[in-house]
Amino acid sequence: MAFKRQSAQWPWQGLLVVILLGLAIGLWIATKQVHYEWRWARVPQYFAYQEEEPQTAPFAGTVIKISPAGDASQVTIQPESGVQPVTVTVKTATLKVADGAQVSEDDEIGVLRGDWRIGPLTQGLWVTIWISFVSGLIGMIIGLITGLCRISKNLTLRGLAVLYIELIRGTPLLVQIFIFYFFIGTVLHLDRIVAGIGALSLFVGAYTAEIIRAGIQSIPKGQSEAARSLGMSAAETMIHIVLPQAFKRVLPPLAGQFISLIKDSSLVSVIAITDLTKSGREIITSSFATFEIWFTVALLYLVVTSVLSQLLFWLERRFARSD
Amino acid sequence: MIEVNRLIKIFEGRDYVVRAVDDVSTRIAKGEVVVIIGPSGSGKSTFLRCLNGLEEFDDGQVIIDGIDIAGSKTNLNAVRREVGMVFQHFNLFPHKTVLENVTLAQRVVRKRKAAEANEKAMALLTKVGIAEKANEYPSRLSGGQQQRVAIARALAMDPKVMLFDEPTSALDPEMVGEVLDVMKQLAREGMTMAVVTHEMGFAREVAHRVLFMDAGKVLEDAPPARFFTAPNEPRAQAFLKQVL
Ligand SMILES: Nc1ncnc2c1ncn2[C@@H]1O[C@H](COP(=O)(O)OP(=O)(O)O)[C@@H](O)[C@H]1O
Ligand SMILES: [Mg+2]
């Protein structure tokens, strides 16, 4: 009787843990070697922070009372030449005066926390997401049209499609972005965002075109012959019969292309679009938390791409219904 | 109904030239059932596919119901509406349910309303005995069932002619009968049919004429009674000896 041998899994799981642990220790030793001081506490403020409003003395006088109120303190100041004392509220942790101290006009007493603000990391993430999304959408449309041209009977359309695809696939995206921004962008007076989206769209379009062409050609000829034999036109056959089936097949590679695009979009930071990567670079110049910020930026890309992978996995399963 | 004059179809590649249909002329009258037989590679499929323009021919004329299908002013899509075709491998649309397979072209090509198309589809599915599977996807059906759906799909366009290209060749033996029964019923109802098949029983029982093809040429054109008992051509005799 044949049976599936139940091999023990735990030695391999153990080995995996050991290797991961080894990597972590290696990383730790490496950072010790360069005397790197980790400052993870600095990272959260770049996602969102509370605006700080310095509070100053409205006039010269004496602090006559400090009374706590939650994590804030109320500082009461008696003016030298005056009548009514005035109360200023600041965060206790930022308190700069003591009871009985003399203050002159505009002396800082402490800081009051104001409204929550969105930090540069969140802003950069948002820019990355929407630029990728818009470029992806335009790129898919370009890719669909180019893919159809690529298999068209018309020689001109086919030639143009091949030329475009070869040009884009044969040159680095970074160079394309520079050309789009410095050459086309200057000639047409394009905004840097428009130039960035344009370059990314053309880039995705070329790769999508090849995916869509392969998808269409993977549908058996009998399908379009059956449709044509019923009197459907070439366009009706494409729309009702070939494309829906092709789309189902190309969904996984198309999704992969889109996920790549999110990562590739980091290159638009070279034309000063403040996406996630550019935000990271800007933050590092002021925070000095180089490692932490790059790790965080990497993690953010990872989160976005894995969420998307999951979403598409789910979508694929929905589409698999009629198989 | 169908008139074919000196039809020639040549396949040409880098290192081969095949005269798949070589100077074929014939007529199929309204209500006539013509069975085309012949060895594999003799050009039966190619001939059939020329009749509805799926294959562009090199020379000759195909006239369907008075319309020259290669004419410069001919709308080929309009001709194909009138010519149903059933394929060896069914070619059902896998992303559509059985019902949608039968209604799609009615809606897209004939511009029928959903209710009308559905009613027509259900009537035809009932006729081919498969109405209870209307909402299944084709992959859930047996080969015989799929081929019957394919016949219903073609009939939904109200064709004047039906072409069958080896409709039972891809079926398990026990499913051949159910498809042939549907075809026999169609023949009894007076449908004009051109059928490529290896089912000699069907040819004998239903055909008004049998065409025997070899190497792109029609070598015999006779009523089945004469063809099966006393074929003129030695190649037809040899072929019959093999299959009978
Ligand atoms: N698309 C094609 N390209 C090249 N040769 C073809 C093509 N289709 C058919 N042929 C050739 O034409 C001849 C007739 O084929 P076909 O009509 O399929 O024969 P049958 O249906 O009688 O078996 C064969 O020699 C076949 O190889
Ligand atoms: Mg054949």
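A salt bridge is a side-chain nitrogen of Lys or Arg within 4 Å of a carboxyl oxygen of Asp or Glu. Over all chains, the structure holds 25 salt bridges. The model is predicted, so that local features need pLDDT of at least 70 and side-chain atom pairs count only at pLDDT 80 or more, while totals for chains, interfaces and linings use all residues. Residues are numbered from 1 along each chain as its sequence is written, chains are lettered from A in the order in which they are written, and side-chain values use heavy atoms, with hydrogens and water left out.

**Salt bridges between distant parts of chain A**

- Glu51(A) and Arg117(A) form a salt bridge with an N to O distance of 3.1 Å. The pair connects strand β1 (residues 48-56) with strand β6 (residues 108-118) across 66 residues; helices (H or I, at least four residues) and strands (E, at least two) are DSSP runs, numbered from the N terminus.
- Glu51(A) is partly exposed at 27% relative accessibility, and Arg117(A) is partly exposed at 35%. Here buried means under 20% relative accessible area, exposed over 50%, and partly exposed in between (1.4 Å probe, protein chains only).
- Glu210(A) and Arg150(A) also meet in a salt bridge, at 3.5 Å from N to O. Glu210(A) lies in helix α5 (residues 192-217) of chain A and Arg150(A) in helix α2 (residues 120-150) of chain A, 60 residues apart.
- Glu210(A) is buried, with a relative accessible area of 14%, whereas Arg150(A) is partly exposed at 25%.
- A network of salt bridges links Arg150(A), Arg169(A), Glu210(A) and Arg213(A).

**A salt bridge within one helix**

- Glu282(A) and Lys278(A) meet in a salt bridge of 2.9 Å, N to O. Both residues belong to helix α8 (residues 276-287) of chain A and stand four residues apart, about one turn of the helix.
- Glu282(A) is partly exposed at 38% relative accessible area, while Lys278(A) counts as buried at 14%.

**Helix packing in chain B**

- The axes of helix α3 (residues 98-108) and helix α5 (residues 143-155) of chain B come within 8 Å and cross at roughly 25 degrees. α3(B) is therefore roughly parallel to α5(B) (angles under 35 degrees count as roughly parallel, over 145 as roughly antiparallel, 65 to 115 as roughly perpendicular and the rest as oblique).
- Axes are lines fitted to C-alpha atoms, for helices over the stretch in contact, and angles run from 0 to 180 degrees between N-to-C directions.
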